[in-house]
Amino acid sequence: MMQLHFSPSMRSITISTNNGFIDFMKIKVAARHISYRTIFHTFLLLAFLLPFVFILTAVVTLEGVNKCSSFDCLGRRLGPRLLGRVDGSARLVSEFYKILNQVKTEEIPDGLKLPDSFTQLVSEMQNNQYDANTFAIMLKAMIEKFEKDIRESKFAELMHKHFAASSIPKGIHCLSLRLTDEYSSNAHARKQLPPPELLPLLSDNSYYHFILSTDNILAASVVVNSAVQSSLRPEKIVFHVITDKKTYSGMHSWFALNSIAPALVEVKGIHQFDWLTRENIPVLEAVENQNGIRSYYHGNHIVGANLSDTTPRIFASKLQARSPKYISLLNHLRIYLPELFPNLEKVVFLDDDVVIQRDLSPLWDIDLEGKVNGAVETCKGEDEWVMSKRFRNYFNFSHPVIQKHLNPDECAWAYGMNVFDLHAWRRTNIREIYHSWLRKNLMSNLTMWKLGTLPPALIAFRDQVHPIDPSWHMLGLGYQEQTDVENVKNAAVIHYNGQQKPWLEIGFEHVRPFWTKYVNYSNDFIRNCHIVES
């Protein structure tokens, strides 16, 4: 605290502090010449000086140097600040920056033995008396090693996820086997779907026809259950479930023993469609059977891959594109819907990794304006990772044929929930274009794009896509970990596209409940196969 002391004779004024600054300033006043004007100017000067002195004292006190008991000490502490000088620690940091910049371009010596931890590094510094340059080199080598280890671990994690996503969980495999056995031993499991008297409804265009192509019985049950439970008019729903020959018996058993009334369901195997002959799908048969393609999708995904020139995200997308499902005929069946269902005019095609959360009947009222495919565009939206897909993300634009015919900035659209006008489709040559580009890609040794159903469809459906509102179809729940749960709640259809399927242990926990709520865990087959809610 600052104090003013006036002498009895009024000859002097003394300024002091309780921190030991005694006689900090004295103002001598001649007795005979004092005047109010002099006193006024004196106090004016004090009013200017006192705040400055207080601030300096506070700075020193806060820095823990209260023990200074003289003006000389205060000057030594504050002088460098006032003169713009830096203290020793700042100079040390500046020198260290220079050393780091020097070693930034230096090569790490071969055979350099690195400590395993920062504590060990400090210990070695003390024991070996490292200079600053040696310390900086050791630090650089340690950081580069840790970065390499983290990068390798990330790629290994992505590979493990890919293998997990490509495998069939034990419970789902068990479910298929038990239901197949039930089909052979239980007449109820073999009953006709739908009953004979309702067969005409399978081609009645006043109903809402959904088509689902899958070999996953549990996933199919969720798609169908969610659609029926979310519908305002379930009695108008007809599901056409297509599966492969090995899964047909089990799939039929499930829906025969678990009614979805008042909705209808039919289950058909690929082998039951007369139209699906080798003559009609020659290219797809080549895709399934060519050794090079099978090796690409089932072989070692690390061999030949230059991981040093790619990022984990790009590597993950490449792995996803190498899913074995992309060479399955089941995955390409959607391109043949007009031929497989010749009496239907408008259908909604669903992937098996979707959940329906809202009544979808308004989709049949959307005017596609003569276009064939009603789909959500994926080149614009809040989620820049999920909704930023253009043709450049799917095609190799260094290939001259792709470069000549396609625009890299053209907006992509999503498979998974599509409104197809089959009547308009039959007037186009979409199937022929699809086959033609598949053949070109095969002849180019898959250098135009790495297989899958979407790239050739993006070409075949060009100028035949009618954009629908994005709220109808939310994507990315199988690879976007930061999915907004509130947005999920508001979407009509949520799509777990990606590797982290909700029926896998690697699925994202925060979005899994939207799928599991439609699984009947009390069902005897599900319980006996130990499929539990996780």
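Predicted model: local features only at pLDDT ≥ 70, side-chain atom pairs only at ≥ 80, totals over all residues.
Close-up 1. Strands β5 and β6 (residues 264-269) run parallel and are joined by six bridges. To get from β5 to β6, the chain passes through helix α8 (residues 245-257), and this β-α-β crossover is right-handed.

**Close-up 2. On its other pairing, strand β5 meets β4.** Here we look at strand β4 (residues 208-213), which runs parallel to β5 and is joined to β5 by six bridges. A handy landmark is Ser 213, which sits opposite Ile 242 in β5. Together with helix α7, these two strands form a right-handed β-α-β unit.

**Close-up 3. Strand β5 is covered on both faces.** Take a moment to follow β5 (residues 237-243) from end to end: seven of its seven residues are buried. One side carries Ile 237, Phe 239, Val 241 and Thr 243, and the other carries Val 238, His 240 and Ile 242.

**Close-up 4. Phe 210 and Phe 239 belong to the largest nonpolar core.** This core has 71 residues, and those touching the most other members are Leu 175, Phe 210, Phe 239, Phe 255, Leu 350, Leu 363 and Ile 494. Helix α7 supplies the largest share of this core, with nine residues. Zooming in on Phe 210, and setting aside residues up to four places away in sequence, we find that Phe 210 touches Ile 237, Val 238, Phe 239 and His 240, as well as Val 348, Leu 350, Leu 360 and Trp 364. Elsewhere, a second, separate core of 44 residues includes Leu 340, Phe 397, Trp 425 and Ala 460. As a friendly reminder, nonpolar side chains in soluble globular proteins tend to be buried together.

Close-up 5. Ser 230 lies in helix α7 (residues 217-230). Ser 230 counts as buried because its relative accessibility is 14%, below the 20% cut-off.

Key:
Residues numbered from 1 in each chain as written. Heavy atoms only, no water. Helix = DSSP H or I, 4+ residues; strand = E, 2+ residues; numbered from the N terminus. Buried < 20%, exposed > 50% of the residue type's maximum accessible area, 1.4 Å probe, protein only. Pairing = 2+ DSSP bridges. Right-handed = clockwise from strand over helix to strand, strands pointing away. Core = buried A, V, L, I, M, F, W, Y, C linked by side-chain atoms within 4.5 Å. Contact = heavy atoms within 4.5 Å.
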